[in-house]
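Hi,

Here is the structure I promised to pass on.

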Amino acid sequence: MRAIMIMFDTLSKRFLSNFGNEWIKTPNFQRLQKKMITFDNFYGGSLPCIPARRELHTGMYNFPFRSWGPLEVFDQSAIEKLKNNGVYAHIVTDHSHYWEDGGATYLPRYSSWEGFRGQEGDRWIPRMEGEVNQNQNALNKKGVSVEQHMANITRINDEKDISSVQTINAGIDFLEKNRDKKDWFLQIESFDPHEPFYVPDKYRQIYDCIKSEDIPYWPTYQKLVDDRFKDDIEDLKKEYAALITMCDHYLGKILDVLDQNDMWKDTLVIVNTDHGFLLGEHNWIGKNISPVYDELVHLPFFIHDPSHPERDGSICGQIAQTIDLPETLLDYFNIHDDTVRDGQSILKVLDEAAKSNEKHVKERDILFGVNGSFACVYDGKYVYMRASQNPDNEPLVNYTLAFTKMRGFYSPEDMKSLELVKGNRFTQGMTVGKLSLRNHMDSYALGNYLFDIVKDPNQEHPLHDEAIEEIMVEKLTKLLKKIEAPKEEFIRLGLK
């Protein structure tokens, strides 16, 4: 038995031809619709990058308990469980957050790993070696990460030098060398199409991208208060589209290997992402600081189960999430798992749907959100986003025994609040540190949002219905209680 996960970072569902986009060229993503099951109702859980990956390993909602952080001593990584039960687990990636303080414990969970340097602000090439950034587009970020990018790209002399290209080629190399071996799991994880949208001109030419040193390609996350960036946003979308088309090209190379070696017959294949991105929709750019709109959390997802090739080409309406992937992998490899997790095996969901000939969305309430910001619930019809109910957006606590953030440690002021508290379901019963933090998110200023996704899939018309909101508040409260969210989270959200 073998399994492959092909993961792209920041892949927006609405920018793929599979889901109705008519202007972006993604023929190889389109190939997936014949080779795999397409999920219409797949959602992220905790945003952004590393919180999503923690869920991918643990199957536990992260955002009510912790911001960006590493796998911890109490976390039960399903991928490490594969490794410890005779399944060789290998990852190739250019996701540089794995080799920073806040992600340093993920890669050792695999049997082996190979990383490629240079994405985003990866502290790689000495910054004094980079050219001065001449791009003065007002939409773009400035600062040390941009300076680092200017240094990193001095090592790119050809398309093959781009780290995501190296990553996918390394994945193909693994497949070619191990195509006749059994009992392995391969994760091919490309940081692209995450920003910066740095992409060779041959892909940019497809979309008539402007020839200018002033292109918008690395936007500052922000709320748009007027239409001054209207033209820039259209150019930004083209840069993103060009990068997606490059990702599509290399996805095709992976699919070619699977075809040529007839690997579909005995290999589980998953194609997924961690979250999407806002490119002017709802007057926002970026992620994290905005409400958790559909563009951010409603994700493209494809799966091929070699036990049921007759299902390939179908569309599944069942609700699924990132937290379901650990149970799915363990189920596929027939590994017993008595660990407490929030997810469920997607393979079992598909089996149950097939037995009942279910063609509609099976009722399942799910959570998603950002630590210290919106906590959201979706029930198959309505999405409810609950904001902080206090002007200071507090209290906010983090449960942790690993005192690191993305790059660096919790501050000395944060650490002064540290207390050891009794463990709970999230910590697998292990005593844990609780830190009381200042909240840098501000969902209070934005307020709560309620949408009817069936009637309003683009979330253009917020509902103001007290009766429906009361029902959704009850569902949100029930789920947060089920996962034993901190009492401070209930206070912050104004829930009982």
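Helices here are DSSP runs of H or I with at least four residues, and strands are runs of E with at least two, both numbered from the N terminus. On that basis the protein chain has 13 helices and 20 strands.

Before the rest, a word on the source. This is a predicted model, where local features need pLDDT of at least 70 and side-chain atom pairs count only at pLDDT 80 or more, while totals for chains, interfaces and linings use all residues. Residues are numbered from 1 along each chain as its sequence is written, and side-chain values use heavy atoms, with hydrogens and water left out.

Now the overall build. The C-alpha trace spans about 55 × 55 × 45 Å along its principal axes. Of the 496 residues, 61% are buried (under 20% relative accessible area, with a 1.4 Å probe and protein chains only). The accessible surface (Shrake-Rupley method, 1.4 Å probe) is about 20,100 Å², and carbon and sulfur atoms make up 49% of that.

How do the domains sit together? An automatic or database assignment sets the bounds: domain 1 covers 2–356 and domain 2 covers 366–493. Their C-alpha centres are 24 Å apart. Counting contact as heavy atoms within 4.5 Å, 47 residues of domain 1 touch 46 residues of domain 2. Also, among contacts in the chain with a separation of 6 or more, 76% come from residues 24 or more positions apart.

Cheers

Note on methods. Buried < 20%, exposed > 50% of the residue type's maximum accessible area, 1.4 Å probe, protein only.
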